[in-house]
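Let's walk through a protein together, one region at a time. Have the sequence and the 3D view ready, and look up each residue as it comes along.

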Amino acid sequence: MNTQIFLKFSGYFQAGNPIVMNKTLTSRAALIFTGFFFFIFSSFAQYSVEGQIVAEEPNNPLVYANVALHLAGDSSLVKGAITDEDGKFRFDTEAGSYFVKISFLGFETYFSETFILDSNQPHFILPPIQLTTASTTLDEVEIEGQKSTMTLGLDKRIFNVGQDLANTGANASEILSNIPSVTVDPEGNVKLRGNPDVRILIDGKPSGLVNVKGGAGLKQLQGSLIESVEVITNPSARYEAEGSGGIINIVLKKERKDGMNGSFELTLGQPLNIGVAANVNYRYKKINFFVNYGLNYRIQPNIASVYQEINNGDTTLVQIQDRDGTFEGLINNIRGGIDYFFNDKNILTGSYRFQRSDGRRLTDITYEDYLNSINNPISTSLRTQDEKEQEPYTEYALTYKKLFTRENHELNVDLRYLNYWENSDQIYTETVWLPGQTMEMGTVERQKAVNDEYENQYLIQVDYLQPIGEEGKLEAGLRSSFRDMTNDYLVTDEVSPEVWVPNALYDNIFVYNENIHAVYGILGNKGKKISYQVGLRAEMTDVKTTLKETNEVNPRNYSNLFPSAHFSYHLPGNNDLQISYSRRVRRPTYRELSPFITLSDGRNFFSGNPDLNPEFTHALEMGYLKYFEKGSLASSVYYRNASSTIQDIRRIDSTNGFTNRLPENLNGQQAFGVEMAFGYNLYKWWKLDASFNFFRAITDGTNIDATFSSDTYSWFIRQTSRFTLPKQISIQLRANYDAPELTPQGKRKAIYYFDLAIQKDIWKRKGRITLNATDVLNSRIYRNTFEGDNYFSDVETQFQRRQINLSLSYRIR
């Protein structure tokens, strides 16, 4: 489909309103979709075979199992596919004699009996296929092959973390930066297709790790505890409506195999990175015990610089800032639980998770001030930050799964309690000296900041799935979340040696109460060629923020409907098309609402905005999926139209050059894009993965300032090559490029970096040793420029330096 044609969809929506079309767009759209559906309905195949794959115990569908259709005569491959979320697959083909081969890591390979497709039997349905757990040793299983690094689907993509050598020794934030179409900025904020509003889940549920700190909280989760990452760009009504950019679900490791199973990993890296991890389960009859433990100690250096000019008419204030800091952190993660199988249709799981992070942050920032040019110095300042923080996090979960007699008839109930708190004690010392003076002769000011944050969240979720007819289904569910957060913030000034007085501007208690209730329903059906799924989700939001000391209360209450629709068509030659639509919301986060000002940088401040309103988005996407004998291609074109877009706005005080960032609601943003993800086995020894995303974003912030608008084109590309060599050695090379992008107040410059890794299997393939280097050239530097009527700023930051890790892992079975 021509990209320019799709970009004309921008006229179809007006943010937050029903569809509005002009005559030209209407006629062109009619021609496009008429031709599209004519092409669809003229392509029906005459013969087909379908089936479903389930695990031996419990009797659950196996998702993304590899299925191959072979000719019975010479065993040649006809087509390949992967199973869907229900473990089902389907092939449309010509008349002939065939058999099916099914493989999935950890299970015995299955070969079906030969069957014939002819005029007497044009459609053949295989009986339910039950795969049995592999009884061979681990090295025998791995000889057959490994999970693909990337599994493509129309509605989601799954990235198997362990198969990407660059992820060895990394944390969750670093792992996300290796995912196609995902970027992570220096502050840890995650973007999907350039959109910062991404809902991040862990095991399909919200987590205290990201509730307060957003994506930056993922730095506390060790990558060795992660099994896979799921990326859902246009979620259905089954999922929370939160996240206009989509959903990223981090799936933690958990085994249910019989007997004792486990994996262990030891990591040593530079800059200092010491990690130990264990993932173990033991299953005997009806009981399965599982535990994951991770311990990580890291020292992470970071640097930043700012060059800034502020024009005050006759004079120009020139400022140069240099930042040099380190963060030293010790993180403990433990997760354990029990699965109890009453029988093969009733499973009760109880789990507990505890995490504690203890860190110390040391930062030195030098400020140099000049008048008109750097030959005329005014003063020099040195600001130091010494912060100690503690962050314990606990989570209790109880889940129940009921499978009824009929296939795909099930009930799921999930109850959770999350508790998080953070204690942060900071000391700031700033020394200022004039030209001709030494630092020891300068004036000294000191401040202390105490920041205590508490969070409690209760969550209940019920999902019910009812089959209708042969392939139809009805889904329904409800979800209630009760979340209370308190931030006690106090800054004191040193008025004389060791005499501290509270600063009235920074002495308050911020309380955030959030209750969200939702119900949803989905109706779907799957035909021989066409499948559909339509849904509607209703969410009622009650948010209230309170500043206790000043008695400022800001309530927000709103109820909204979030429709979704997914239509897919299976084409001959193992091709699939899908069109999807959803309405999404971005609620202001706790950080974006909290009015407390950060003081870690004495010249650059950030505070939240309690008056923020939610952002609503219409998302439309058309996807195409093609399977080859040696690989697959997933491509899509997408369009997003958002109203009340939330973005940080920078304002600079012309008298002193101080910068203040505040999130505000802009009029809106339209985004168009084309995305492709490609995986192909060029040779038996060379596996190639590549992804490409091109987008255009039009941002309108003229409600804030007439100059706050941008129309930008940008793109990013990532290519990964993995080479399998003799002696069980693998080498992985990755190249990344993120093109420049305009913003309403400036420009983000291009970023490029390279990763390299080598791995060798040892101990009869039960162990592995991996050496990797991320950002080999140390070039992953974020460069931004900001411009206003009277100022110019050039900013460079590097919070993630080149990292070299050596890791040793071992599996037991």
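**Starting from the inside**

In the largest nonpolar core, which has 25 residues, the members that touch the most others are Leu176, Leu221, Ile226, Val229 and Ile250. A nonpolar core here is a set of buried Ala, Val, Leu, Ile, Met, Phe, Trp, Tyr and Cys residues joined through side-chain atoms within 4.5 Å. Buried means under 20% relative accessible area, exposed means over 50%, and partly exposed is in between (1.4 Å probe, protein chains only). At least two residues of this core come from each of α4 (172-176), β12 (182-184), β13 (190-192), β14 (199-202), β15 (226-232) and β16 (247-252). Another core lies apart from it, with 20 residues that include Tyr98, Val100, Phe124 and Ile129.

Before going on, note that this is a predicted model, in which local features need pLDDT of at least 70 and side-chain atom pairs count only at pLDDT 80 or more, while totals for chains, interfaces and linings use all residues. Residues are numbered from 1 along each chain as its sequence is written, and side-chain values use heavy atoms, with hydrogens and water left out.

Now pick out Val229. Setting aside neighbours within four places in sequence, Val229 is in contact (heavy atoms within 4.5 Å) with Arg157, Ile158, Phe159, Val161, Ile175, Leu176, Ile179, Ile248 and Asn249.

The names of helices and strands need a word too: helices (H or I, at least four residues) and strands (E, at least two) are DSSP runs, numbered from the N terminus. The protein has six helices and 45 strands. Of its 813 residues, 51% are buried. Among contacts with a separation of 6 or more, 66% are between residues 24 or more positions apart.

**Two residues in one loop**

Where do we find Thr233? Thr233 sits in the loop between β15 and β16. It counts as buried because its relative accessible area is 12%. Its side chain makes a polar contact of 3.2 Å with the side chain of Glu621. A polar contact is a pair of N or O atoms within 3.5 Å; within protein, one must be able to donate a hydrogen and the other to accept it, and residues adjacent in sequence count only if both atoms are side-chain atoms.

Ser244 is also in the loop between β15 and β16. With a relative accessible area of 3%, Ser244 is buried. The side chains of Ser244 and Asn195 are joined by a polar contact of 3.4 Å. Leaving out residues up to four places away in sequence, Ser244 touches Asn195, Asp197, Arg584, Val585, Glu615, Thr617 and Arg640.

**Out to the surface**

A nonpolar patch on the surface has about 920 Å² of accessible area together, and its residues include Phe264, Val276, Trp763 and Tyr810. Patches are made of residues with over 30% relative accessible area and no salt bridge, with like charges joined within 9 Å and nonpolar side chains (Val, Leu, Ile, Met, Phe, Trp, Tyr) within 5 Å. A salt bridge is a side-chain nitrogen of Lys or Arg within 4 Å of a carboxyl oxygen of Asp or Glu. Accessible areas come from the Shrake-Rupley method with a 1.4 Å probe; for residues, only the protein chains shown count as cover.

The largest share of this patch, four residues, comes from β45. Val276 belongs to strand β18 (residues 273-284), and its 38% relative accessibility makes it partly exposed.
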